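Open the model in your viewer and keep the selection tool ready.

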Amino acid sequence: MAEAHQAVGFRPSLTSDAGEVELSAPMLQEIYLSGLRSWKRHLSRFWNDFLTGVFPASPLSWLFLFSAIQLAWFLQLDPSLGLMEKIKELLPDWGGQHHRLRGVLAAALFASCLWGALIFTLHVALRLLLSYHGWLLQPHGATSSRTKTWLALVRIFSGRHPMLFSYQRSLPRQPVPSVQDTVRKYLESVRPVLSDEDFDWTAALAREFLRLQASLLQWYLQLKSWWASNYVSDWWEEFVYLRSRNSLMVNSNYYMMAARAGNAVHALLLYRHRLNRQEILPTLLMGMRPLCSAQYEKIFNTTRIPGVHKDHIRHLRDSRHVAVFHQGRFFRVGTHTQSGLLSPRALEQQFQRILDDPSPACPHEEHLAALTAAPRDMWAQVRRSLKTQAQEALEAVEGAAFFVSLDSEPAGLTREDPAASLDAYAHALLAGRGHDRWFDKSFSLIVFSNGKLGLSVEHSWADCPISGHMWEFTLATECFQLGYAADGHCKGHPDLSLPQPQRLHWDLPDKIHLSISLALRGAKTLSGNIDCHVFPFSHFGKSFIKRWHLSSDSFVQMALQLAYFRDRGQFCLTYESTMTRLFLEGRTETVRSCTREACNFVRAMEDKEKTDPQCLALFRLAVDKHQALLKAAMSGQGVDRHLFALYIVSQFLHLQSPFLDQVHSEQWQLATSQIPVQQIHLFDVHSYPDCVSSGGGFGPADDHGYGVSYIFTGDDVITFHISSKKSSTRTDSHRLGQHIEDALLDVAALFQEGQRLKRRGLGEDDSGHSRDSLPCHTRGSRAPTTATNF
């Protein structure tokens, strides 16, 4: 979600003095190290491989195969065609009384070899099947006979009960696109936002790049793609995230909303328990095509450790406590006893003990966490002092399963002022007060005094769908499985034998007091500069859009183009994040939503001489183009990750490329992301709309730009989260929100008018209205903003 800001800002980290030293290693050595890191990750997953490496077969299948061979041998049949006799000859001769044992061992060895060969064949077959992407490129709603055959074969080779990591060895590697195709697509994407003169200059740079440097850089990428698990993901994590020296607050983290507390910690730990046991089902597109699950491994027990020139991610195999912050004090709360996970009522008791603790915060302890919002070089230097002076307390925080902030202020939707309360809620989750979040943790659970809660998520370890999946499970479990007693407490009984939460004590040396003050000042400045606006669009939702056989995401993206043009009077490069988890260790790709077709549609909407049917025809062309770009990006044929990887190779080789420099100096003034709803089977969203997450948001990618995220809440509501910077005179989050609402209604009115004209042409009475009809709205009119329950 927040990756657009990091993608824009990664380049300075490459050109720093330290960066040049680190990038002076030979390119082949870096490729070798990338592959070595891949193999180390595979070895670290040994236990998962032990459980799932035999997939699609199971360990019981070996026993079945061994028994069948023994039975055949008993019936004096030799299914090995003499191989078992050869194996017996190679085994030690233990005497006549052990002759039968030699036969059993020979059968076991033959069964193991045959079993392994069958499994390897199944792996290869499934990988070849999963490399087919024709299903993704087909028109919306159409399924060819070839795709149906492919789906049937995938079902056969996938087995009946896959676990979370079962498909990892069968996922194909992300392909390296043709460099000529990438450059062509790039030039096509920038044409709508460049003048003729600027475009000609950019095209000339592209031609020079293709002639002089592209083939060499492409060769190195091809080599890496053959050796490492993914040709771009490890560099994306390192250079875009871990080498960034900016504050994590607003720039890298993002937030998610919800409406309850109490059982949330217990539900999160239940999710971790299921994750460790691989009881979470793998995510499947179309119910068949698995996505990579590698990012799930670092949800819990993970901290981003600051370094002077580069951060690193520290992940622990297990952690039996959470770190809790309340009124400037830090606590260590155990989550397990010898008998297992603490009950929700016991956890509530421990949190209540913290709330009732009257002890004050120590000097400078209250604002200590502001250091995690400071520039990374500064925080890395200060952390060295903390590690020697307050090692136990620092380890308790960084080694926790996750961070919990018990906020002393209320937040969330209020009936008195719903619009302002939602905006304040979003701002509190994204930035807080600058010193009440440990931004280095993989995620922080923020619990407000009125029971509302939310997440603040660090971005480097995984992307939004992963934390979103966890959050959906947490909310559903907290609401429908755990529940509350009649008196409002968590169900169950307190455990008075539990020890008090451990207060963490920080021996803060005097020399870091100034650093804390500087970090707090910077965090407050950054927090105060963010303008957040959240609004639920309740006039229609995805059910209305799907009735016209359109992609919901493409519909909203075209409305965003119209809204931005009305807000700024011009077009801009637009960043939409989509996933590449169809491939092993894939992360994200950029969809450049501002296309020539989208611009033609927007200009037609603003031209009073254009008729609604003309606008509608242009809108459908724009949607089709967006869908083509989205599907290409998902299938590994996007533009930006390939150009990013080419740029990294050029830096290692110390090759100057004006074209790549131009590409990576671009500013994304509109960064967008859809938050997916992934587990609709958990509960009925129509019957329990208040239990659905309202999504989340992120900071803008540019000082004069917008960050926009949206989530389809049920069938009839779209919730938007908009951010911008107050310091910019060109942006206003509330103003863009109104333009988005108007644009959505204007586009929807095209379809209503088209439906009316169609009925009239058929001679039908068009006076009736469907149950999904919209409030009266014509192109360019303004509809009142409404609020709905969160």
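Select Glu585. This residue lies in the loop between β15 (574–579) and β16. Helices (H or I, at least four residues) and strands (E, at least two) are DSSP runs, numbered from the N terminus. The phi of Glu585 is near 60°, a positive value in a residue other than glycine. Is Glu585 buried or exposed? With 11% relative accessibility, Glu585 counts as buried. Buried means under 20% relative accessible area, exposed means over 50%, and partly exposed is in between (1.4 Å probe, protein chains only).

Before moving on, note what you are looking at. This is a predicted model, where local features need pLDDT of at least 70, side-chain atom pairs count only at pLDDT 80 or more, and totals for chains, interfaces and linings use all residues. Residues are numbered from 1 along each chain as its sequence is written, and side-chain values use heavy atoms, with hydrogens and water left out.

**A loop partner**

Now select Ser229. Find this serine in the loop between α12 and α13 (233–242). Ser229 is buried, at a relative accessible area of 2%. Which residues does Ser229 touch, not counting residues up to four places away in sequence? They are Ser38, His42, Arg173, Leu584 and Glu585. Contact means heavy atoms within 4.5 Å.

**Helix α4**

Select helix α4, residues 27–44. Its 18 residues should span 26 Å at 1.5 Å a residue, and the end C-alpha atoms are 26 Å apart, which agrees. The expected span is 1.5 Å times one less than the number of residues. Colour the buried residues of α4: Met27, Glu30, Ile31, Ser34, Gly35 and Ser38. They cover an arc of only 140° around the axis, which puts them on the same side of α4. The arc is that of the directions from the helix axis to the C-beta atoms. The face turned away from the buried side of α4 carries the exposed residues Lys40 and Leu43. What do the buried residues of α4 pack against? They pack against α12, α13 and α25.

**Where α12 meets α25**

Select α12 (residues 214–227) and α25 (residues 640–653) together. Their axes come within 9 Å and cross at roughly 105°. Axes are lines fitted to C-alpha atoms, for helices over the stretch in contact, and angles run from 0 to 180 degrees between N-to-C directions. The two helices, α12 and α25, are therefore roughly perpendicular to each other. Angles under 35 degrees count as roughly parallel, over 145 as roughly antiparallel, 65 to 115 as roughly perpendicular and the rest as oblique.

Show the side chains at the meeting point. From α12 come Leu216, Leu217, Gln218, Tyr220 and Leu221. Facing them in α25 are His642, Ala645, Leu646, Val649, Ser650 and Leu653. By class, the contact of α12 with α25 has 8 nonpolar, 3 polar and no charged residues. Ala, Val, Leu, Ile, Met, Phe, Trp, Tyr, Cys and Pro count as nonpolar, Asp, Glu, Lys and Arg as charged, and the others, Gly among them, as polar.

**Helix α10**

Next, select α10, residues 179–190. Colour its buried residues: Val179, Thr182, Val183, Tyr186, Leu187, Ser189 and Val190. Look down the axis of α10: these residues fall within an arc of 160°, so they line one face of the helix. What covers them includes α11 (196–212), α12, β16 (588–592), α25 and α26 (658–663).

Jump to Leu275 in helix α14 (residues 264–276). At 8% relative accessibility, Leu275 counts as buried. Leaving aside neighbours within four places in sequence, Leu275 is in contact with Leu164, Ile280, Tyr296, Ile299 and Phe300.

Then select Asn301, in the loop between β3 (289–290) and β4 (302–305). Asn301 has a positive phi of about 60° although it is not a glycine. Asn301 counts as buried, at 3% relative accessibility.

**An exposed stop**

Select Glu392 in helix α17 (residues 391–398). At 60% relative accessibility, Glu392 counts as exposed. Glu392 and His505 are 113 residues apart in sequence and 8.5 Å apart in space, C-alpha to C-alpha.

**Zoom out**

Show the whole protein. There are 27 helices and 20 strands. Buried residues make up 57% of its 790 residues.
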